[in-house]
Number of protein chains: 2
Amino acid sequence: MAKEKDNKTEKAILEAALKVFTEKGFAAARMDDIAKEAQINRALLHYYFRSKDKMFDLIFSQRISEFLSGIALQIFSEKSLEDKITGIVDHEINTLSAHPYLPIFIFQELTQNPERIVQHAKNVGAHPGDMLKKFSLQVNEEIKKGTIRSVDPIQLFMNIMSMAIYPFVARPIIKMMLEFDDAGFNKLMKKRKEAVTDFIYKSLRP
Amino acid sequence: MAKEKDNKTEKAILEAALKVFTEKGFAAARMDDIAKEAQINRALLHYYFRSKDKMFDLIFSQRISEFLSGIALQIFSEKSLEDKITGIVDHEINTLSAHPYLPIFIFQELTQNPERIVQHAKNVGAHPGDMLKKFSLQVNEEIKKGTIRSVDPIQLFMNIMSMAIYPFVARPIIKMMLEFDDAGFNKLMKKRKEAVTDFIYKSLRP
DNA sequence: CCATAGTTTAACTTAATTGTTAAATAATAT
DNA sequence: ATATTATTTAACAATTAAGTTAAACTATGG
């Protein structure tokens, strides 16, 4: 089993690390958990990645970059404002339905280490502040054209991200309130895509 | 300094525990941190509260109960739908402006221990599921009356909570994107109270 | 003033976890 | 076939944190 050109063990470890880190957070994650999840032993973990910190940095920078670039991709596309909003909502709900633990993981670790984002933000190419500027510009154009009512673009942007992402943060409470299992929750989120975009467009009517 | 009728040390410890637990989460919180924050030593911590787990349970159940009962208070009030929505948004943003780490703390710990909520939910009196039913009833009444357009009450409820709470979850990213410090962020949240209620009412126009 | 509850200090135990290492074994590329 | 890489095993060192304990000290209510 030597010299695998397809490095499947490395992949298995990274997958396992992603799962354990996102589900438990850095502090509560155990190297043993990751090893078990990857179906190998702790020694091999250190054979591939030297330390817990190194593994975490790798996983975290991947996730934060993907999170930011996913939004950037929509914002800097050539779509109409309406299509962009739909694009953002659909993209977030689709992504998080597959990885519901991601937002809490990202925000929990970011809260404890806010400097981290500054470094990783650069990987995305554009400065994250530019996304908001670009978005604001397009919103103000539509207001001037009269296609939407007057609205603060920054508050609008927060509204869009909030409604798309928050339910995954509050997932345990929502599941309890509605007595839903995972399947029920995912169905609700699928319906939610249209509910959210509709709610936004309706609000933006002049 | 014996036989203090005002148990100021106990209060100092609980305040410190709240701060450290909410900022770092259970796993990363250190008893030493709490002791230092309360300006006492670790021995005295165990003199008052036997273990880290006991302290955490106390803090956590306080917070989750307050979170749920804060919402319940609004939902079961005698206000009009519009005033309730304003009440919820104002209450959440006011509370979280003073305790911005609360939501991530609650959801992070709840995600890792979803059974917890079932027990604490009972402390609130009403079953949390009843809140949604009560809210849905009132929304459907307004729809029938024609004062608001047709809308799924559950999605509406998620929208309200999302827009009020999510910015505090995403606080580090928002602060970075806008290059805001704490004061700037709080001003933004103050403005946001009206922005959110306005956004909702505008969307609900028939 | 003195018994009592509060508090500190410091040393200690215990347990958990990360990280290391050496030696043995398995698989495979050349 | 053999050199090389991958993997396991198992024991160990180092570190960190929680929790305990005893002794001494402090403040104060009665």
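Reader: Is Thr197(A) buried or exposed?
Author: Thr197(A) is buried, at 7% relative accessible area; buried means under 20%, with a 1.4 Å probe and protein chains only. This is a predicted model, where local features need pLDDT of at least 70, side-chain atom pairs count only at pLDDT 80 or more, and totals for chains, interfaces and linings use all residues. Residues are numbered from 1 along each chain as written, chains are lettered from A in the order written, and side-chain values use heavy atoms, without hydrogens and water.

Reader: Which helix is Thr197(A) in?
Author: Helix α11 of chain A, residues 182-204 (a DSSP run of H or I, at least four residues, numbered from the N terminus).

Reader: And what is Thr197(A) in contact with, leaving aside neighbours within four places in sequence?
Author: Ile85(A), Thr86(A) and Val89(A), where contact means heavy atoms within 4.5 Å.

Reader: Switching to domains. What does the assignment give for chain A?
Author: Domain 1 is 1-50 and domain 2 is 62-204; the bounds come from an automatic or database assignment. Six residues from domain 1 of chain A and five residues from domain 2 of chain A make the contact.

Reader: How much area is buried between domain 1 and domain 2 of chain A?
Author: About 520 Å², with 73% from carbon and sulfur atoms. That is the accessible area (1.4 Å probe) the two parts lose on being put together, summed over both. Of what domain 1 of chain A buries there, Leu18(A), Thr22(A) and Glu23(A) supply 69%, more than any other three residues.

Conventions: Helix = DSSP H or I, 4+ residues; strand = E, 2+ residues; numbered from the N terminus. Buried < 20%, exposed > 50% of the residue type's maximum accessible area, 1.4 Å probe, protein only.
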